[in-house]
Amino acid sequence: MIAVMANYLDYDIYDIELTSVATNTDLRKLFIQTTSKSIIVIEDIDCSLDITGKRKKKKKKKSDGDDDKNEKKSESSEDEEEEEKGKSKVTLSGVLNFIDGLWSACGGERIIVFTTNHVDKLDPALIRRGRMDKHIEMSYCCFEAFKFLAGIYLGIDAHHLFDKVRALLGEVDMTPADVAENLTPKGPGDNADTCLSELISELEKTKAKKAQAKGKEKEKEKGKKKSKKAEEKFDDDESDSDDDE
């Protein structure tokens, strides 16, 4: 999607890896070096830095005592400090300024794109409306998206196998990328019939795996219920024997 945006707008793409940026100042320098009419991409921001979730609260100082424990903690903290030296010092505040603070006022015609698999883990200040203007969920492929992909890769907008694909997509989760992979002709003999048949075959395999996994889950639940009943019966027998005594 980012490549399509860049091609359509004739923009450059800058891919920034936050873990390789030492400080907020270095992040600002990188931003200033980018040209106008560019797309700045930060992928998987939920695992790039420790800027997700709620802000950390300062821990209260403990009273006297536990000297031995404190000494051990100080030793471990020194080791942690050594490890921290090589880590990025970019903060949430720095990233926020990078998006729409004073730093971002130094140039225009830039689009910043963040990707994440866990939007619920991101700090609310980062994803609020007005800061991230557009939220796009890349969900599983629906039939309308499939028709669009079929038009692009096969040059068709109707086919007798479409009904079969529609039914399977209603039962099976498959990403648009996987659908596109199956619709892409692999050789000179491939056409709409062969590519759609390949897609149907993959969807049926996924459906079979899903049914198999569901069956195993049911068997596991049955096993848990049987073991629970056996335990309850054993406990009842034990209580009856105690009463007899």
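A disulfide is counted here when a pair of cysteine sulfur atoms lies within 2.5 Å. With that in mind, a search of the whole structure turns up zero disulfides. Take C142: its sulfur is 5.9 Å from the closest cysteine sulfur, the one in C141, and that is too far for a bond. C142 is partly exposed, with a relative accessible area of 43%, whereas C195 is buried, at 3%. Buried means under 20% relative accessible area, exposed means over 50%, and partly exposed falls in between, using a 1.4 Å probe and protein chains only.

Before going further, please keep in mind that this is a predicted model, in which local features need pLDDT of at least 70 and side-chain atom pairs count only at pLDDT 80 or more, while totals for chains, interfaces and linings use all residues. Residues are numbered from 1 along each chain as its sequence is written, and side-chain values use heavy atoms, leaving out hydrogens and water.

Now for the overall layout. The protein has nine helices and three strands, arranged along the sequence as α-β-α-β-α-α-β-α-α-α-α-α. These elements are DSSP runs numbered from the N terminus, with helices being H or I over at least four residues and strands being E over at least two. Of the 245 residues, 27% count as buried. Among contacts (heavy atoms within 4.5 Å) between residues at least 6 apart in sequence, 77% join residues at least 24 apart.

Let's step inside. A nonpolar core is a set of buried Ala, Val, Leu, Ile, Met, Phe, Trp, Tyr and Cys residues joined through side-chain atoms within 4.5 Å. The largest one has 23 residues, and those with the most contacts inside it are F146, V179, L183, L196, L199 and L203. Helices α6 (143–153), α7 (162–169), α8 (176–183) and α9 (192–244) each supply at least two residues of this core, and the largest share, six residues, comes from α9. Leaving aside residues up to four places away in sequence, L199 touches F146, V165, M174, V179, N182 and L183. Apart from this core lies another, of 20 residues, including I42, V95, L96 and L126.

How do the helices meet? Axes are lines fitted to C-alpha atoms, for helices over the stretch in contact, and angles run from 0 to 180 degrees between N-to-C directions. The axes of α6 and α7 come within 10 Å and cross at roughly 140°, which makes α6 oblique to α7. Angles under 35 degrees count as roughly parallel, over 145 as roughly antiparallel, 65 to 115 as roughly perpendicular, and the rest as oblique. At this meeting, F143, F146, K147 and A150 in α6 face F162, V165, R166 and L169 in α7 as contact partners. Helix α6 also packs with α8, at an angle of about 35° and with the axes 10 Å apart. Here F146, L149, A150 and Y153 of α6 make the contact with P176, V179, A180 and L183 of α8.

Finally, visit helix α4 (residues 92–100), whose buried residues are L92, G94, V95, L96, F98 and I99. These pack against α2 (24–33), β2 (38–42), β3 (110–114) and α5 (124–127). The axes of α2 and α4 come within 9 Å and cross at roughly 15°, so the two helices are roughly parallel to each other. N24, L27 and F31 of α2 make this contact with G94, V95 and F98 of α4.
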